[in-house]
Amino acid sequence: MTLQSIPKIKHTNSNNFFLLCGPCAIEGEDMALRIAEKVVTITNKLEIPYVFKGSFKKANRSRIDSFTGIGDEKALKILKKVSDTFDVPTVTDIHEISDATLAAQYVDVLQIPAFLVRQTDLVVAAAKTGKVVNLKKGQFMSPEAMKHAVQKVKDSGSDKAWITDRGTMFGYQDMIVDFRGIPTMRQYAPTVLDVTHSLQQPNQNAGVTGGRPDMIETVARAGVVNNVDGLFIETHFDPANAKSDGANMLHLDNLEKLLTNLVAIRKTVNGL
């Protein structure tokens, strides 16, 4: 697939990586619009193709009392408002077959979570909506295994899919990115590096996932140097009080400097 397959995508001729960026979860309308406005301003300035990211519900939680969402249709309508207000595409993750048809009414890209990427019925349901499908590589899967997930989308009548690497389990409580996998997966589909989830520290005793946000620029730079097609970065203006994944999110105030540095690196790499 090409970037032009994504409705409303801008700056496709800039030779930049594309960016999926936003909060982990939609916590409310004001926060979503506030984050989107800032990211749109930055990406327009730097000519980065941009897709707003936000989960309409969080089905994969460590504890039963963890935040799961504000209501499915309420959150999806906020995603649609972000798209309409700023004229940008949106992406959200789905967890059940019925989610595919529902979410497809509101967003442009359907994301298959890493833990669910081998669920054939879910991948097929997403592909059959006609939307672009973001296949997140399972933490337990090799890069080579992702060709089968991509093939499921193709066998369902669509060629609109990309792969996102979100790290691989390293022991019980850490993640690592194997950058050898990027050129491998790019043989199958455009490949994105999920910077912030790759820095998670799951399975903590408290039941709340930890993270290493101090390493965001390190991992992002390595991805850009190794020719990823896109970057996935979760951000929030108050990560410490975010309702989901605050431990590994980038503070919104730090986004412009990070992206400015990454664009400079990409320009250098493009000139080699």
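S83 is buried, at a relative accessible area of 3%. Buried here means under 20% relative accessible area, exposed over 50%, and partly exposed in between, with a 1.4 Å probe and protein chains only. The model is predicted: local features need pLDDT of at least 70, side-chain atom pairs count only at pLDDT 80 or more, and totals for chains, interfaces and linings use all residues. Residues are numbered from 1 along each chain as its sequence is written, and side-chain values use heavy atoms, leaving out hydrogens and water.

S83 sits in helix 2 (residues 72-86). Helices (H or I, at least four residues) and strands (E, at least two) are DSSP runs, numbered from the N terminus. Leaving aside residues up to four places away in sequence, S83 touches K8, V88, T90 and D108. Contact means heavy atoms within 4.5 Å.

Now the nonpolar cores. Each is a set of buried Ala, Val, Leu, Ile, Met, Phe, Trp, Tyr and Cys residues, joined through side-chain atoms within 4.5 Å. The largest has 71 residues, and F52 and L135 touch the most other members. Helix 1 (residues 29-46) gives this core its largest share, 9 residues. A second, separate core has 12 residues, including I9, L20, V109 and W162.

Helix 5 (residues 146-155) comes next. Its buried residues are M146, A149, V150 and V153. They lie on the same side of helix 5, because they cover an arc of only 95° around the axis. That arc is taken over the directions from the helix axis to the C-beta atoms. H148 and D155 are exposed on the other side. The cover over the buried residues includes helix 4 (120-128), strand 5 (132-136), strand 6 (161-165) and helix 6 (181-186). After helix 5 comes G157, with a positive phi near 95°.
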